Amino acid sequence: MDKVKIAFIGCGGIAGWHLSHLVNQDDVEYLGFCDIIPERAENFKQRTGGTAKTYTDYRVMLDEITPDAVYICVPPHCHGEIEFKVIDKGIPFLVEKPMALDYKLAEKICEAAEAKGLITAVGFQDRYLGIIDKTKEYIKGKKIGLVTGAWVGGIPGVWWWRKMETSGGQIVEQNIHIFDMTRNLFGEPARIYASAGKGIVDPEAAGVPGYDVDDYSSAVITFKNGIIATLYTADYVVAGGGMQNGLNIYCPDATIEYGLRSFVKYRDASGEEVTHNEFDSGITEDKVFINAVKTGDPGAIRSPYRDALSSLKLVLAANESITTGKPVEL
Ligand SMILES: NC(=O)c1ccc[n+]([C@@H]2O[C@H](COP(=O)([O-])OP(=O)(O)OC[C@H]3O[C@@H](n4cnc5c(N)ncnc54)[C@H](O)[C@@H]3O)[C@@H](O)[C@H]2O)c1
């Protein structure tokens, strides 16, 4: 296969970001764009030479055209039937995180894709950050006790974000990237306890009527190897600034600061070393996925569906702990 024929289901914000990478690849061809808002699919068609077909119903699209791969970029509450149709047609797919809001559903999707031997990828682009590869090397053999981390900021503009039933809340929709990063760096978690608060965001004043997600939370994850990570999540901090999102890692002989998608700083007896991230790791994410489909070899995909399931389980367990007030064993 010289060119990978692709289709998109969902042509919103993140899909546009993937498309902005793919248009710079010469091994991609566009067969179809589907969005329930027709102008969005039409916009993607125009951006890619005007030959692709546009659809408002993914079922019609997948009955009419036969792509080699599909990007599934719909809001978190829209998963399920879409994946089962794609899997039924035997098409490899890249799906955005969070892959579902119900763990059992995500597990069924995973099993169905595996039963068909399909290549899958999940949108954890931070898995491809060079500064994280470097950090993995740096911490190899080091003792780590404590980790702290944060994703603190404001409320994203998409309508579905502000409701638990459509986004799963900020831990599940957004901070899942850092929760996944802790698995990538420290291995599998054993237990999580989380607590959350509300009452700072005024939905009317903030222009988010119907808002019901938590304003802030703190989650303590105990990893199987004994590392304890405390991760903060908040969406009410819209002014002030100056506080770094990312991770702080504490070793007896070094401290490591990961600035979200932007830098890593190591401090140890030899001094301080800072490395800045120069790349959009999504470019690598998309290249790796397209190449996997082209070659039939998924080996370079760093976040296949099966692995991403464990990150989904972790963030959904954080929500469960917030609701029950009890720790969740994983
Ligand atoms: N990896 C990342 O860094 C990252 C960043 C942003 C968003 N995301 C994730 O990507 C997903 C989409 O987010 P977004 O910001 O692009 O949202 P969005 O609202 O901008 O886009 C989603 C699109 O899906 C369309 N859609 C909904 N149901 C559909 C259906 N049944 N068939 C076809 N189209 C349908 C909507 O009309 C919309 O255009 C979310 O899960 C989000 O968490 C990931």
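Q: What makes Ala-100 and Leu-105 contacts of Gly-80 in this model?
A: The model is predicted. Two residues are in contact if their C-beta atoms, placed from the backbone, lie within 7 Å. Leaving aside residues up to four places away in sequence, Gly-80 touches Ala-100 and Leu-105. Gly-80 itself sits in the loop between E4 and H4.

Q: Why does Gly-80 count as partly exposed?
A: A residue is buried at 20 or more other C-beta atoms within 10 Å and exposed at 12 or fewer. Gly-80 has 15 C-beta neighbours inside 10 Å, so it counts as partly exposed.

Q: How far apart are Gly-80 and Lys-45 in sequence and in space?
A: They are 35 residues apart in sequence, and their C-alpha atoms are 25 Å apart.

Q: Why is Pro-75 called partly exposed?
A: Pro-75 has 18 C-beta neighbours inside 10 Å. Buried would need 20 or more and exposed 12 or fewer, so Pro-75 counts as partly exposed. Its place is in the loop between strand E4 (69–72) and helix H4 (81–88).

Q: Which residues does Pro-75 touch, not counting residues up to four places away in sequence?
A: Pro-75 touches Trp-160 and Thr-166. Pro-75 and Trp-160 are 85 residues apart in sequence, with 7.2 Å from C-alpha to C-alpha.

Q: What makes the phi of Arg-261 worth a remark?
A: Most residues other than glycine have a negative phi. Arg-261 is a residue other than glycine, and its phi is a positive value near 60 degrees. Arg-261 lies in the loop between strand E12 (254–259) and strand E13 (263–268).

Q: Is Arg-261 buried, exposed or partly exposed, and why?
A: Arg-261 has 17 C-beta neighbours inside 10 Å, so it counts as partly exposed.

Q: What is remarked on in the peptide bond from Lys-97 to Pro-98?
A: Most peptide bonds are trans. The bond from Lys-97 to Pro-98 is cis, with omega near -20 degrees. Pro-98 lies in the loop between strand E5 (93–95) and helix H5 (103–115).

Q: Which residues does Met-99 touch, not counting residues up to four places away in sequence?
A: Met-99 touches His-79, Ala-106, Ile-109, Val-122, Tyr-305, Ala-308 and Leu-312. Met-99 is also among the members that touch the most others in the largest nonpolar core, which has 88 residues. Phe-8, Cys-34, Val-70, Ile-72 and Val-315 are listed with Met-99. This core draws at least three residues from each of domain 1 and domain 2.

Q: Which segments form domain 1 and domain 2?
A: Domain 1 covers 4–125 + 281–304, and domain 2 covers 129–279 + 314–329. Their centres, taken over C-alpha atoms, are separated by 27 Å. Between them, 11 residues of domain 1 are in contact with 15 residues of domain 2. The domain 1 side that touches domain 2 has seven nonpolar, three polar and one charged residue.

Q: Which residues come nearest to the ligand?
A: Of the 24 residues around the ligand, Gly-10, Gly-12, Gly-13, Ile-14 and Glu-96 come nearest. Helix H1 (residues 13–22) gives the most to this shell, with three residues. The shell divides into 14 nonpolar, five polar and five charged residues.

Q: How do you know that the radius of gyration of the protein chain agrees with a compact globule?
A: A compact globule of 330 residues would have a radius near 20 Å; the protein chain has 20 Å, so the two agree. The C-alpha trace spans about 60 × 45 × 40 Å along its principal axes. Buried residues make up 41% of the 330 residues. Among contacts with a separation of 6 or more, 69% come from residues 24 or more positions apart.

Key. Residues numbered from 1 in each chain as written. Predicted model: local features only at pLDDT ≥ 70, side-chain atom pairs only at ≥ 80, totals over all residues. Rg over C-alpha atoms; globule rule 2.2 N^0.38 Å. Near = placed C-beta within 6 Å. Helix = DSSP H or I, 4+ residues; strand = E, 2+ residues; numbered from the N terminus. Nonpolar A, V, L, I, M, F, W, Y, C, P; charged D, E, K, R; others polar. Domains from an automatic or database assignment. Core = buried A, V, L, I, M, F, W, Y, C linked by C-beta atoms within 7 Å.
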